[in-house]
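Welcome, and please take a moment with the model below.

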Amino acid sequence: MAKRPRSILDSTLNSLSRTNESTLSAKKAEAQVAKLTAGRGHAITVEDASTAPDAAIAQFLQSMRALIDEKGFGAQVEVELRFGKITSCLQEARCRPSQEGVDAAVVLTDEQMKGLGARFAPGVAENEFPWYMKRLEGLLKSDAYAQHVEKQVVHNLAHSKRVIEEINPNTNEREPPEMQVKERLGSIDIFLPQCPYDCRVREHSP
């Protein structure tokens, strides 16, 4: 009977040793893959018959209508569009198209991004930011859009919570702070291999 606990202990130690070896091997394999594919990124399948980016965004927003309607009349919804790059989870290299020279836009869901082992890295280069802002200002001045000025201070917290203080743009007076919990309704990522950046569209319910 005295030998049995030692046998269990030896078995446990051997099991832990094998687990550690497997973990180490997996990490080495990931590092090797990242090294071999450095600067290349994953290949994303592109086709000639792809959806135009503006049409893809319109379809996504339309698909969210039923979910928004369930929240009742007067429900507030935020639509967030971010520029960035779709990259591999193992490295910072931007994903590449499966074939070059195709003017394609590939719409990817969360599940497809996970299947590709890809992630969306938001942000544009600092030297290109003024150019994007200039284009955005020109867009807002067009007849198709009405510009509405708001000022607020936002404190982001954990678990999608945030505290918002609305500021009167004319008097700079602050309204009482309000706690909001942002509920993510849906999102898509759009791979744009012929453009310097990809984009992500998200809908939130504050």
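This is a predicted model: local features need pLDDT of at least 70, side-chain atom pairs count only at pLDDT 80 or more; totals for chains, interfaces and linings use all residues.

N172 sits in the loop that runs between strand 7 (161-167) and strand 8 (178-181). Its backbone deserves a look too: N172 is not a glycine, yet its phi is positive, at about 65 degrees. For context, most residues other than glycine have a negative phi.

Another partly exposed residue is F129, with a relative accessible area of 46%. F129 belongs to helix 5 (residues 129-140). Together with M133, L136 and L139, F129 makes a nonpolar surface patch of about 340 Å².

For contrast, let us turn to S88. Is S88 buried or exposed? With a relative accessible area of 1%, S88 is buried, because buried means under 20%.

| Residue | Relative accessible area | Class |
|---|---|---|
| F129 | 46% | partly exposed |
| S88 | 1% | buried |

S88 lies in strand 2 (residues 78-88). A polar atom of the S88 side chain is 3.0 Å from the backbone nitrogen of L90. Beyond its neighbours within four places in sequence, S88 is in contact with H42, A93, C95, G117, A118 and R119.

Strand 2 also leads us to strand 10. These two strands pair in the antiparallel sense, over seven bridges, and L81 stands opposite V201 in strand 10. Strand 9 (residues 183-191) is a further antiparallel partner of strand 10, again over seven bridges. In that pairing R184 stands opposite H204 of strand 10, and a hairpin of six residues joins strand 9 to strand 10.

Why is strand 10 described as largely enclosed by the rest of the structure? Seven of the eight residues of strand 10 (residues 198-205) are buried, so the rest of the structure largely encloses this strand.

Finally, let us step back to the whole chain. The protein chain holds five helices and ten strands. It has 206 residues, of which 24% count as buried. Looking at contacts between residues at least 6 apart in sequence, 67% join residues at least 24 apart. The accessible surface comes to about 14800 Å², and carbon and sulfur atoms account for 52% of that area.

Notes: Residues are numbered from 1 along each chain as its sequence is written. Side-chain values use heavy atoms; hydrogens and water are left out. Helices (H or I, at least four residues) and strands (E, at least two) are DSSP runs, numbered from the N terminus. Buried means under 20% relative accessible area, exposed over 50%, partly exposed in between (1.4 Å probe, protein chains only). Contact means heavy atoms within 4.5 Å. Accessible areas come from the Shrake-Rupley method with a 1.4 Å probe; for residues, only the protein chains shown count as cover. Patches are made of residues with over 30% relative accessible area and no salt bridge: like charges are joined within 9 Å, nonpolar side chains (Val, Leu, Ile, Met, Phe, Trp, Tyr) within 5 Å. A salt bridge is a side-chain nitrogen of Lys or Arg within 4 Å of a carboxyl oxygen of Asp or Glu. A polar contact is a pair of N or O atoms within 3.5 Å; within protein, one must be able to donate a hydrogen and the other to accept it, and residues adjacent in sequence count only if both atoms are side-chain atoms. Two strands pair if DSSP finds at least two bridges between them.
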